Amino acid sequence: MIHHSKRRALTAFAVATAGALVFAGCSGEAPEASEDTGPVTLTITANAIAGGKNAAEADWFQDWVIPEFEAAMEADGKDVTVEFEPQGVDDENYKTKIALDLQSGEGADIIGMDGIWVGEFAEAGYIKPLAEVGGDSVDSWEGWDQIPDAVQSALSFDDERYGVPQGADGRVLYFNKDLFEQAGLPADWQPESWDDVLDAARDLKKLDGVTPIQLNAGTAMGEATTMQGLLPLLVGTGEQVYEDGKWVGDTDGLNDVLDLYKTIYVDEGLGDAVLQQEAAGRDTSFQLFAANQIGILLEGDYFWRSVINPEEGVGTAPMANRDEVVGYTKIPAMKSGSGINDQDFVSMSGGTGRVLNPNSDHPELAWELLAFMNSADAYEARNAGTLAITPRTDVNDEMLAEDPMLTYVSEEVLPITAYRPPLAAYPQVSTALQQASLDVVSGTSVADAASAYADAAKDIVGDDAVSGG
């Protein structure tokens with residue numbers, strides 16, 4: 001059911017900047033499922049542009065997707081032209097543009113979309129489940145068997161697929177093996193509870209000039225606090241930020257999370273509380289880890305493949321001995337079996353993907369193109385010269401073989417990961433959670449911080465939409 005308040009909110013959001021935008025693509029008329037026999041033009045849009053934002057994706061569209069798909073269609077006796085409509089703007093401006101396009105019955109046939117927008121757009125009625133738009137062949141697509149259910153959820157809402165995820169990532173605990181050896185800790189460390197992590201941090205505290213653990217906190221790091229701190233911990237208590245129609249409030253799980261922050265930053269000085277309040281705190285933590293001054297760091301695989309990548313010109317804090325010195329391990333639940341789905345280990349992932357425009361004049365053919373863009377061959381072409389985790393296990397098995405860390409994330413982390421809720425209120429709730437962690441790190445009691453967060457959440461979504469106290 002579409003929530004009309006959500007539709008009005010997103011409509012108002014889109015209309016606010018209508019004058020700055022240009023519509024292109026579909027006709028706006030209700031699509032009819034029919035066989036395309038004459039010349040057809042399909043359009044793709046994404047927040048990518050050659051020589052600018054997400055240039056590699058833009059180049060892939062122009063250099064591989066378009067010519068290869070057009071050739072495949074020609075071989076099948078179809079006259080199909082594909083056009084890419086590039087964007088290279090701030091994410092919020094891009095969101096506004098595609099919201100306006102969809103609201104007015106316009107827009108490209110295939111639209112790149114951040115996973116956390118899917119629920120908002122679905123509730124507004126701007127996008128529909130894939131199978132409803134693309135036809136019967138959607139559910140029988142071979143690719144679904146290669147994309148883990150957890151990864152599919154990045155572009156799902158209310159247990160329906162609305163799009164196909166185009167990438168995948170996961171959060172792990174990184175640790176410095178040299179510092180672990182000095183502290184008498186094992187090189188094959190795999191903590192099985194929060195207590196195990198704290199015990200290792202206490203041993204690392206004995207080393208001079210070493211901050212035992214970096215767990216992002218506060219508002220200065222923004223969403224990095226939520227995704228590389230609060231949410232991985234919260235799912236380790238068995239709770240999620242949004243579940244069964246309610247946002248997390250002053251719950252036992254949230255109190256457990258905030259109490260862990262208090263232990264690390266206030267009670268035992270296992271982390272640097274001041275660093276959490278610096279505008280460049282996250283980047284500084286990267287530099288400190290690379291300089292062997294932080295022992296344990298919760299981060300995504302981005303940290304491995306980009307930040308500390310030793311290849312010249314790739315890493316922003318390169319570690320020449322990364323492969324020898326940096327260990328990685330799954331994030332434990334608070335205790336064995338306490339995570340969501342009774343899991344022993346947990347993670348969080350972000351994700352973007354592509355959806356079908358329900359206003360498309362050629363929805364079934366647009367699905368053929370979307371499926372083609374998510375084929376094994378397409379991902380292999382997309383990742384030529386680079387190394388990144390794709391949503392497809394068959395591609396990952398082949399392409400990631402040379403990188404054990406990314407293989408580890410693909411095989412061990414993605415099957416147990418969770419995603420942020422794709423709802424309009426999420427960014428505000430996330431900011432309130434960040435503030436709660438900052439309050440605790442700054443000395444506020446856990447009870448007061450949790451209560452203040454719950455009040456803020458109720459102000460955002462309403463009393464009845466918040467669980468707990």
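Asp394 is partly exposed, with a relative accessible area of 26%; here buried means under 20%, exposed over 50% and partly exposed in between, using a 1.4 Å probe on protein chains only. The model is predicted, so local features need pLDDT of at least 70 and side-chain atom pairs count only at pLDDT 80 or more, while totals for chains, interfaces and linings use all residues. Residues are numbered from 1 along each chain as its sequence is written, and side-chain values use heavy atoms, leaving out hydrogens and water.

**Salt bridges**

Let's stay with Asp394, which forms a salt bridge with Arg392. A salt bridge is a side-chain nitrogen of Lys or Arg within 4 Å of a carboxyl oxygen of Asp or Glu. By this rule the count comes to 19 salt bridges. Here are some of the pairs:

| Pair | Closest N and O atoms |
|---|---|
| Arg392 and Asp394 | 2.9 Å |
| Asp301 and Arg305 | 2.7 Å |
| Arg161 and Asp139 | 3.4 Å |

Arg392 counts as buried because its relative accessibility is 1%. Asp301 is also buried, at 0% relative accessibility, whereas Arg305 is partly exposed at 27%. Both Asp301 and Arg305 sit in helix 12 (residues 301–307), 4 residues apart, or about one turn of the helix. Helices (H or I, at least four residues) and strands (E, at least two) are DSSP runs, numbered from the N terminus.

The bridge between Arg161 and Asp139 links distant parts of the chain: Arg161 belongs to strand 5 (residues 160–161), and Asp139 to the loop between helix 5 (130–134) and helix 6 (149–152), 22 residues apart. Arg161 counts as partly exposed because its relative accessibility is 26%. Elsewhere, a network of salt bridges links Asp76, Lys78 and Glu368.

**A buried charge**

Glu239 is buried yet has no salt bridge, and the nearest side chain of opposite charge, Lys335, is 12 Å away. For charge, Lys and Arg count as positive and Asp and Glu as negative, with His and the chain ends not counted. Glu239 does touch other residues (heavy atoms within 4.5 Å), including Leu234, Val248 and Ile340.

**A pair of strands**

Strand 1 (residues 40–46) pairs with strand 2 (residues 80–86) in the parallel sense, over 7 bridges; pairing requires that DSSP finds at least two bridges between two strands. Within this pair, Thr41 stands opposite Thr81 in strand 2.

Key
Lists of a residue's contacts leave out its neighbours within four places in sequence.
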